[in-house]
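Let's take a walk through this protein together. Keep the model open beside you and follow along.

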Amino acid sequence: MPLLEEVLAYIKGLWLLIRGDREGFRWLDISESGLWRSFAAILWSLPAIAVTWASWRLYYLSAMPAGTTIGFGFILKLFVIDLASWLLPIILIVILSRPLGFAFFVVPVIVTTNWLSVPLSYAMALPAAIRLVIPGSEGLTSLIWLLLLVASVGLLFRLLRTVTGDQTLLAAALTALFLLPSIMIGEFLQRFFGLVPG
């Protein structure tokens, strides 16, 4: 499990890459061991993700009849959804990398996007936290969430463009591969598990 100092170094490297400075790679571990260690980003993101779970629980209960109760299984289902949304794009990128000719970039793409998920998870938890502490703030938090989503897509694209050596089309395709399958599997599993109020 990487320590905070190490994670902060990774984030510094990501910021440099987002700015188009390939010196950012010096702050990242893109070795084979670094690849597997980058999945610890899931654990580092859990506190922020838990805030979004709490917000979704509040939304779900507010839309259900009075007296509705939910247990640990509800949180477990949310965890499965977030884990699937995180891993499915990575699996697709690995599968498609050889036939589409970008296998060389797979490891740096996975390492950098995994660690980028940490600051993005905390940023996206902000509107969820506001919704938890300020009743009736749905309009404000929806706007904040939308702005953060747009910013996240922009940051992801800029990161991937630098990682792929300024190949704009490949960076755009990878950005779409990270976003669209994640959204689709998330919505499907939410309905499959009955987490969307009817």
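A word on exposure comes first: a residue is called buried under 20% relative accessible area, exposed over 50%, and partly exposed in between, using a 1.4 Å probe and protein chains only. With a relative accessibility of 57%, Asp166 is therefore exposed. Before going further, note that this is a predicted model, where local features need pLDDT of at least 70, side-chain atom pairs count only at pLDDT 80 or more, and totals for chains, interfaces and linings use all residues. Residues are numbered from 1 along each chain as its sequence is written, and side-chain values use heavy atoms, with hydrogens and water left out.

Stay with Asp166 for a moment. You'll find Asp166 in the loop between α6 and α7. The helix labels come from DSSP runs numbered from the N terminus (helices are H or I with at least four residues, strands are E with at least two). Asp166 is not a glycine, yet its phi is positive, at about 65°.

Now look for open space. Pockets and cavities are both found on a 1 Å grid over the protein atoms alone: in a cavity a 1.4 Å probe fits but cannot get out, while a pocket is an open set of points with protein on both sides within 12 Å along at least five of seven lines, and lining residues have an atom within 4 Å of a point. Grid points are joined across faces, edges and corners, and a volume is the space filled by probe spheres set on those points.

The largest pocket comes to about 1,800 Å³. Its lining counts 39 residues, and Asp82, Met124, Trp145, Leu149 and Ser182 are the closest to its centre. The elements giving two or more residues to this lining are α3, α4, α5, α6 (138-163) and α7 (168-192). The biggest contributor is α5, with ten residues. What is the lining of the largest pocket like by class? It has 22 nonpolar, 13 polar and four charged residues. Here Ala, Val, Leu, Ile, Met, Phe, Trp, Tyr, Cys and Pro count as nonpolar, Asp, Glu, Lys and Arg as charged, and the others, Gly among them, as polar.

Leu76 belongs to helix α4, and its C-alpha is 9.9 Å from that of Trp53, 23 residues away along the chain. Glu138, in helix α6, lies eleven residues from Pro127 in sequence, with 8.9 Å between their C-alpha atoms.

On to charges. A salt bridge here is a side-chain nitrogen of Lys or Arg within 4 Å of a carboxyl oxygen of Asp or Glu, and the structure has two. Arg37 pairs with Glu6, with 2.6 Å between the closest N and O atoms. Arg37 is in helix α2 (residues 32-37) and Glu6 in helix α1 (residues 4-18), so this pair ties together parts 31 residues apart in sequence. Glu23 pairs with Arg26, and there the closest N and O atoms are 2.9 Å apart. Arg26 is exposed at 70% relative accessible area, whereas Glu23 is partly exposed at 41%.

Leu58, Leu132, Val133 and Ile134 make a nonpolar patch of about 350 Å². Patches take residues with over 30% relative accessible area and no salt bridge, joining like charges within 9 Å and nonpolar side chains (Val, Leu, Ile, Met, Phe, Trp, Tyr) within 5 Å. The areas come from the Shrake-Rupley method with a 1.4 Å probe, and for residues only the protein chains shown count as cover. Leu132 is in helix α5 (residues 106-133) and is partly exposed, at 36% relative accessible area.
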